Amino acid sequence: MTLVLEKRRGVITTIKTFATHDGPGIRTTVFLKGCPLRCVWCSSPETWVKETDIYFRPQKCMECGKCVEACAEKAMTMVKERKIIREKCSRCLKCVDKCVYRALERVGETVSAMDVFRRIEEDEAFYLESGGGATLSGGEPLYQPDFAEAIAALCKEKSIHVTLDTSGYGETGIVKRILRNVDLVLLDIKHMDSSVHRKLTGVSNELILRNGEVMAENCEVIISIPLISGLTDSQENIEKTVRYADSINVSHIDLIPLHKLGAHKYMLLGMKSPFEKLQPPPEARIREIVEFLLSLGIKVSLNRLF
Amino acid sequence: MEELVYVRREIKGQPSTPRVKKRLKELLESEPRIDVERCVLYTEYVRKHWNEHPYVRQGGALKHVLSNMTPVIREDELIVGSISKYVRGAQLYPEQETKWMEEALKGVEREEERYVKGTKADLKDKEKTLRLGIYKLSVDDREVLERVVEFWKGKDCRSQAEKLLFQDKDYWIFDEWQKQLVFLPYMFDVPEGRVIVDYKKVIDEGLESIITKCNEKIRKLQPIDSEKKYEKYCFYKGVILALEGVLAFAENYAREAEGKARKIKDLKRRKELLEIARICRRVPRHRSESFREAVQSFWFIHCCLHIELNGRGISPGRFDQYMYRPFKEDLKKGRITMDEALELLELLRVKHSEIVRAHAKFTESYLGGSTYQNLTLGGVDEKGNPADNELSLLVLQAGINVQTPQPTLSVRWNKELSKKFKRKVVECIKAGAGYPAIFNDELGVKRLISFCRASLEDARDWAPCGCVDMQICGKRMPMYAIPHTNFPKILNLVLFNGVNPVTGKKLIETSIKAENADFNQIWGEWKELLGKILEKEVRYWNVIMSVHNGIGIVHPLCSALLSDCIEKARGCASGGCRYNDSAYVIACGGINVANSLAAIKKCVFEEKSFTIKELKRALLNDFKGYENMRKALLEAPKYGNDNDYVDRLAVEIYSVFGDIAGKLRNWLGEPWRASGLSVTSQVVLGKATMATPDGRRSFTPFADGSVSAFPGTDLNGPTALIRSSVKVKAEKMQSLLMNMKINPSAIYGDAGTDKLVGLIDAFIRLGGYHIQFNIVDSKMLRDAQKHPENYQDLMVRVAGFTARWIELGPSEQEEIIKRTEYMEL
């Protein structure tokens, strides 16, 4: 049914080495492109769709017009405003090739699992010395299950520690299949109330919670809670999450207060940044949550640095 | 607009006592200035004793200087002794070079000074303050100095050496190379330094034992009935005089302390002063019996060396080893608390930072104002066991609490060091002052055995000296360096058939015509020219050193503390030391050459996108109108991404460099060495160099260090950069230097600390030699550029040294900001 592991292909945005916030030790994190969720605080809009995209940096543009000439769809414009009319763009990337000032940049490339594995393997010395490994992230790695599975399996073969960073949203059968080659799951529980979850992410949470159980039965799980003021930081939600964690025997909770480091990516994609309306909880509230979790005997970390 | 929110440094220390705080404040508020006391006393002595043997004259002169310098004990000081009566005063050495002083007094500008714009040496002085080099000189001192300069004119080492050099018919073209920055001009004004003396001997035995030994040697020489014996006799006499000078210096401080004690009403301070007096009478004459005595003894020696030698890079070396005996004894007997010891170490940091040097404006433009006092921790003991101890931890804590540029800290890192120590090292790095730098311990030992033919025991007692060069403590000749050779400019000379495209002058004959050459010919010609240039550099420097030693610029104090000068009765620069292969040439811009060659290979010879002729036109126009070509050049493989296509070139560049140097002989018949430190030469040499085929624009800086990536071209993160860098074998080099900039958020907290420990462990396991970190958010540095007033105490790592941000020139600041920063989140 599926290709041999090495030849499976998938789309990624980047591979980040010396990743220190995606699991234990020094890691190499692979960002798979494509995600079924649309969290309102998402910091990586470039990973929403699986298809290739184009970043445009107006400050680097010298208005030479080469991209306009190159575009058959007339999706590049410099009249009034320099921008890409994204609806018209066919992602042929001719404009990117023509840009000598590097104002246009391609986002997303199709690669084989072996390509990715080779990049991971290069840093073996760093994993060995720091207790690190590879992390599959995204986007949502479960969105490209065969590809994700192949990378994880190749790592396992070489005894490289694999962490799966996931929203938990995927077919349970797929989850089970991938887990066979995963050592640690970083599971995002964005909200415990299903209707609120739908409002915040576009999907309901039943499947996620069910998958969480399956994950915890099969490997080590750490639950991450994104903290956005007024949206996810209520005492009720925290308590419910704790109860859920307890029910599936997870004793380590990670808190990720909202950060806005992804804001510029919205601009580069010609989108409106959502961050004006969003805030992380105040310091005091974060501390309160940490204290609360600690008082219950739960291991707590911040920003996935552990 | 970009938000100016930056990640703050996580670890912040502060002086542990009000006393340290006061001393630090005094230091930060003081302005460096010129002091003429040393040169007046020295000249006074030499005038009267012109007919003495050089060894005796130098020993006597040092004694005269040390006995008559003004002792200054500052408010609340516990460790005393200063090289100047000013808090930060620089002494002058006219016997070495008067030319730069004359130029400064007359306001003459050197040809090469047009390249210093934007550096520390580029002074925007509205009031037209009278300056020598870059420091202030008072009007009264000016008159005194003019008389001193008048005396030395024509007699100093530079003039005497140049009398010889100018007779060489080839020298004039070589001089053009210097002025057009094919390499940085000879440092006549900073010839010596970069030495680690045997502090252990001073602390464990005291100077009196050395004096006794010399007297015995003299007795055994009797009767002195040959010239050879007379020279030996003079050597010992000189050493004795010099050591007596140090003792007189200490005695003056004892008297000064007593004098102050008599006048002071505060009983507590009076007691302190009397204790200072007691200690100054005991050490460095005798063996140190307490930690406090050892600190004072160490300091007197370190201070007096800075009066004897005019160098930068006089390094404390393995402080946590030779100070450990008295420290441990004190702890055991309950004579000192950890807090008391910490205070002494913090005060000692302030003392190190008081020392400043004055040199020619141009020299300052790339030395960055640092004195390169390198203090080393960790490593192994003589049996090979890990050597970190409680004192090592305390020195690191003092480095966190008192962030001063001096001394810079280094760690000899090996797998077996304790976890506690490694974590403390990383904590100190995270405090952000840029130290400690990390060195591969095992590699240092191995190299010193295979290249310097050191014994295992001696090799195990190595330490980085000055910036990053491997030195053997107490046994190897002070390092003499010919400053940086401009590797990218040599590539331009190849491409432009021997003509410097900046000036249009023909500087060297080439054996190929670049337009018709293939890749291997161009690459081969680069090596050829490098060889020719290095050969000239060392040939003339050997002449200079022969004059330097011959006219008697010898250093009896330094020699007394380096094995085996006393056994051999020879000065430390004349073959007296056990190991004498420490003269070196230095690379700059090697990575730009590797990137350039890769780009030429790819674009011109493989893809045939354009010709060498077209490339040259683009370079001459700084790529204006040739943006397509620049894009192609920039997209060619770049060093720092673990790509063999280009990395192999970098490896070969340094390998060839090491081999060429190793075949040349220094004035003692030992091999020259190759070194890969950068100071801030990448800024100055970059300013003198046209665009290069790697896509670098005209007159902009080169890559820093020797194995750092060119800013913005290492696109695959720090681990790939490390993998690239470890391909360059440090064994052939005396040093390599790599800078890495990491955002504080990436290594936050205890978990982050362990991750950086892991990164360093992996770096060492892979065979890297040196790595150092700036843990800083570039946005903070941007803010510091705009609001320097808020960043009085901000420190950054520049090259093999740490500097106060506000004391760097704008070009240097910009260069640091532009280095690739590894982010997280």
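**Exercise 1.** Which residues in helix 21 of chain B meet which residues in helix 25 of chain B? Work with the predicted model shown above, and describe the packing of the two helices.

*Solution.* 
Step 1. Locate the elements: helix 21 of chain B covers residues 487–495, and helix 25 of chain B covers residues 590–606.
Step 2. List the residues on each side. Helix 21 of chain B contributes B:F487, B:P488, B:L491 and B:L495. Their partners in helix 25 of chain B are B:G590, B:N592, B:V593, B:S596, B:L597 and B:I600.
Step 3. Sort the residues of this contact by class: 7 are nonpolar, 3 are polar and none is charged.
Step 4. Packed helices are described by the angle between their axes and the distance between the axes. Here the angle is about 35° and the axes are 7 Å apart.

**Exercise 2.** Describe the side of chain B that touches chain A, then find the salt-bridge partners of B:R723.

*Solution.* 
Step 1. Count the residues in contact: 30 in chain B and 30 in chain A. The two chains bury about 2,500 Å² between them, with 60% of that area on carbon and sulfur atoms.
Step 2. Count the polar links. Between chain B and chain A there are 15 residue pairs in polar contact, both residues at pLDDT 80 or more.
Step 3. Assign the chain B side to elements. Helix 27 (627–635), helix 30 (717–725) and helix 31 (749–765) of chain B each give two or more residues to it. The largest share, 8 residues, comes from helix 31 of chain B.
Step 4. Sort that side by class: 13 residues are nonpolar, 7 polar and 10 charged.
Step 5. Turn to the salt bridges. The cut-off is 4 Å from nitrogen to carboxyl oxygen. B:R723 meets A:E122 at 3.3 Å, so this pair qualifies. With A:D123, B:R723 has its closest N and O atoms 2.8 Å apart, so that pair qualifies too.

**Exercise 3.** In what order do the strands of the 6-strand sheet in chain B run, and which strands are at the edges?

*Solution.* 
Step 1. The order is 7-8-9-19-18-22, in an open sheet with mixed pairing.
Step 2. Strand 7 (374–378) and strand 22 (821–822) of chain B are the edge strands, each pairing on one side only.
Step 3. Strand 22 of chain B pairs with strand 18 (residues 739–742) of chain B in the parallel sense, over 2 bridges. B:I742 stands opposite B:Y822 of strand 22.

Technical notes: Residues numbered from 1 in each chain as written. Chains lettered and ligands numbered in written order. Predicted model: local features only at pLDDT ≥ 70, side-chain atom pairs only at ≥ 80, totals over all residues. Heavy atoms only, no water. Contact = heavy atoms within 4.5 Å. Buried area = accessible area lost by both parts, 1.4 Å probe. Salt bridge = Lys/Arg side-chain N within 4 Å of Asp/Glu carboxyl O. Polar contact = N/O pair within 3.5 Å; in protein donor to acceptor, adjacent residues only side chain to side chain. Helix = DSSP H or I, 4+ residues; strand = E, 2+ residues; numbered from the N terminus. Nonpolar A, V, L, I, M, F, W, Y, C, P; charged D, E, K, R; others polar. Pairing = 2+ DSSP bridges. Axes fitted to C-alpha atoms, helices over the stretch in contact; angles between N-to-C directions.
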